[in-house]
Amino acid sequence: MEAAVNNQLVSIEKPEIVAPPDWEPVIIGILCNWCSYAGSDLTGTSRIQYPPNIRIIRVPCSSRVDPWFLIKSLQTTADGVLVSGCHPGDCHYISGNYYARRRFLVTKKLLNFVGFHENRVQFSWVSAAEGPKFAKVVAKVTEDIKKLGPLHLYKKENFEK
Amino acid sequence: MARVGVFVCFCGANIADFVDVPAVVEEAKRIREVKFAIDYKYMCSDPGQQQIRDAIVQHRLTSIVVAACSPRMHEKTFRKALSDAGMNPYLLEVANIREHSSWVHQKDKKAATAKAADLVRMAVAKSIANEQLHEISVPVTKRALVIGGGIAGIQAALDIADARIPVVLVEKSPSIGGKMAQLDETFPTLDCSQCILTPKMVDVASHPYIELIPYAEVLELDGFVGNYKAKIKKKASYVNFKTCTGCGACWQKCPVKVPNEYNMGIDKRKAIYTPFPQAVPNKPVIDARYCTMLTKGKCGICSKVCEKGSIDYKMQDEIIEREIGAVVVATGYDLWDPKPYEEYGVGRFKDIITSLEFERMVSANGPTNGVPVRPSDGKVPKNVVFIKCIGSRDEAKGIEYCSKICCMYTTKHTILLHHKVHGSHSYVFYMDIRAAGKGYEEFVKKAQVDTGATYLRGRVSKIYKKGDKLMVRGEDAQIGQVVEVEADLVVLATAVVPNKDNPDLARLLGVSYDKYGYMSEAHPKLRPVETAKAGIFLAGCTQAPKDIPDTVAQASACAAKVCGIFAGDTMKKDPMISTVNKEFCSGCQNCVTVCPYGAIVTEEVPMGHGSKEMRTVAKINEGVCQGCGSCVAVCRSMAISLAGFTDPQIINEIVSI
């Protein structure tokens, strides 16, 4: 998927905004119930530790994820979003994750076009058996977002000022 | 104005040790809509549930948030508590503060507490947008499909059929019986496998409630629990089973000889064949790969000798459909190919065989009439080396797991060798002896005493040839020395691996499978026979390596589950499905295209109130909808909503962090 999102536009996020020293990013994780949510539960039952920045929202299938959710998240509370579903071919709802993948690619391009850094929204496949993988994904996403710093671009409060 | 009650669980020490539970309660109390918040040691216990029930009544709560373990664990429990208090169960939201906070942030109590508070805030915000939902009843087709006719499929089919529920049993090969039909005797009682299996096979064939479809495969499965539709391909057998008497004239005269799969290729069978003499149904099929009449158009002997005229070279594959309500998957196992063990000379030395080949040789109905022989020169071996864990517990060459049955069958093989070849001696190279099971340890101990077999704890490093013998060099870890054993025959206990068709079948059925190819159960401990897809169950080695008692137990458990689904004429269905707001629907039919179940159709409604002009809108078949939400995300007019996961609910969660 990474290869498909090529010819990136340059992010217009302003790096000069310095993060406060105690700043911790908020990341919203939208996980499908059957694979990734179950996988995140397995991470818990296996007591595998990961950074505490992610707030998980359960949806039945990654195909339920409306691009609106990503935009709304970035606009309001989140510094980054992770969407995770079943591996291709393993969707509990037969073909849902294929729709999700295509829609996500388009959304990512759109967000990139309006100036968000490509790492602000990320996508992964985590199965119900991949507890360790979920922890790794969250750690990577958290690290990526920390590098990017707090998200100010298009935040609602900036418009209201 | 919403009145939300928040109940935060300690889960003993599981949550309370890593999350400051009272602080989470205080945080919750600061939310405007929260009218009641409390913590308790075990929220799922009866006193815990009683607190919820009491608070609902006392504080006139309109929705409930339980902050505890994963909703996948106890959502049903708490929903029931709400129902018992007279509240709609779908007004519950669970904040997963155990799997998603206390267990994964054990080193940072402050962050874990803050996260738990956030998760509670999100759940409260979502619950405010929750709506009352009611379970849907759908009719049930009372017929079960069993895929695979080994001992697991046979047991499941018989148990279901005995409850007077029709069963369709589909078997890939020409006969049912599976791997168990290839075994000689079974551990730990040394029962003759055929003697306990073949009566059950006959029962299947003669049972009035079982439709046996041999030499067939499942192609498609559509629908949902209680209302599946299966497409089954009956492979062309080129023999009319209705008229064939199974007299055997055809396979006696057939001139084409090919390796016999039933005997692991040790002897030959004909191109027209029954897999073994006790086959059920005992009717031959023509193997189209080898029959010269089918490949070259020359021969036709079987047709000439058949008095009934049952041979039909023009027969085609036939696709049949069956409506069914539940599925039992019992596809069994394969054995791991030991080729990577090159240092043992696998493939170079003829006298290295696998355990199943040994099993066939010592079987009374086997290719050598029950006496093991060396494949190289046909001599009866005296010194036999058995090597366990070939592929099992071997991350480098094979797979990581223990195949479970090898310790026991190798023990059985030492006994069978002792019985059949006088003056023989067994050497067993092993890593551990795993004999967990009723009577298993006793069986191993007794076998060691009776046969006098030499057990050597350690791995074999090399096998080389010396004259007509095989020299097996390995380590005896208990004396810490390298040992060499002169062997006439080496038997490899190859690992159990899932049926190679498992991933394809799993995808076709819509159930998940693990990295090895075993199909995944819904819960490893509490739901070991169900899959995550309602109405599909797993029996035997489809799920994990198992011995016969465990397989039979699991098959019977599947039967009980299937009978449970069929106990009423209708079944309750989760109300979390999509609905269309016809006022908003523009009739673009994007949703129709993306629905994986074909659950969305269109209907004509008047343009306006009292208007005669009609327009097209989407309509959801609530029996078919599974609630994935694909249609909601593609709806341009926001006319579709998915109960339980509506846009307001999810947006509330997002903005409340």
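Me: Two residues are in contact if their C-beta atoms, placed from the backbone, lie within 7 Å. What kind of model is this?

Reply: This is a predicted model, in which local features need pLDDT of at least 70, side-chain atom pairs count only at pLDDT 80 or more, and totals for chains, interfaces and linings use all residues. Residues are numbered from 1 along each chain as its sequence is written, while chains are lettered from A and ligands numbered from 1 in the order in which they are written.

Me: How many residues of chain A are in contact with chain B?

Reply: 41 residues of chain A are in contact with 40 residues of chain B. On the chain A side, the elements giving two or more residues are α1 (36–45), β2 (54–59), α2 (67–75) and α3 (96–113). Helices (H or I, at least four residues) and strands (E, at least two) are DSSP runs, numbered from the N terminus.

Me: Which element gives the largest share of that side?

Reply: α1(A), with six residues. By class, the side of chain A that touches chain B has 19 nonpolar, 14 polar and eight charged residues. Ala, Val, Leu, Ile, Met, Phe, Trp, Tyr, Cys and Pro count as nonpolar, Asp, Glu, Lys and Arg as charged, and the others, Gly among them, as polar.

Me: New topic, α3(B). Which of its residues are buried?

Reply: P71(B), F78(B), R79(B), A81(B) and L82(B). They lie on the same side of α3(B), because they cover an arc of only 155 degrees around the axis. Buried means 20 or more other C-beta atoms within 10 Å of a residue's own, with C-beta atoms placed from the backbone. The arc is that of the directions from the helix axis to the C-beta atoms.

Me: What covers them?

Reply: The cover includes α2 (46–58), β3 (63–68) and β4 (92–96) of chain B.

Me: And what comes just after α3(B)?

Reply: G86(B), which takes a positive phi of about 80 degrees.

Me: What about α14(B), which residues are buried there?

Reply: In α14 (residues 502–509) of chain B, N502(B), L505(B), A506(B) and L509(B) are buried. Their arc is only 100 degrees around the axis, which puts them on the same side of α14(B). Among the elements covering them are β11 (216–224) and β28 (496–498) of chain B.

Me: Which residue takes a positive phi just after α14(B)?

Reply: G510(B), at about 80 degrees.

Methods:
A residue is buried if 20 or more other C-beta atoms lie within 10 Å of its own, exposed if 12 or fewer, and partly exposed in between; C-beta atoms are placed from the backbone.
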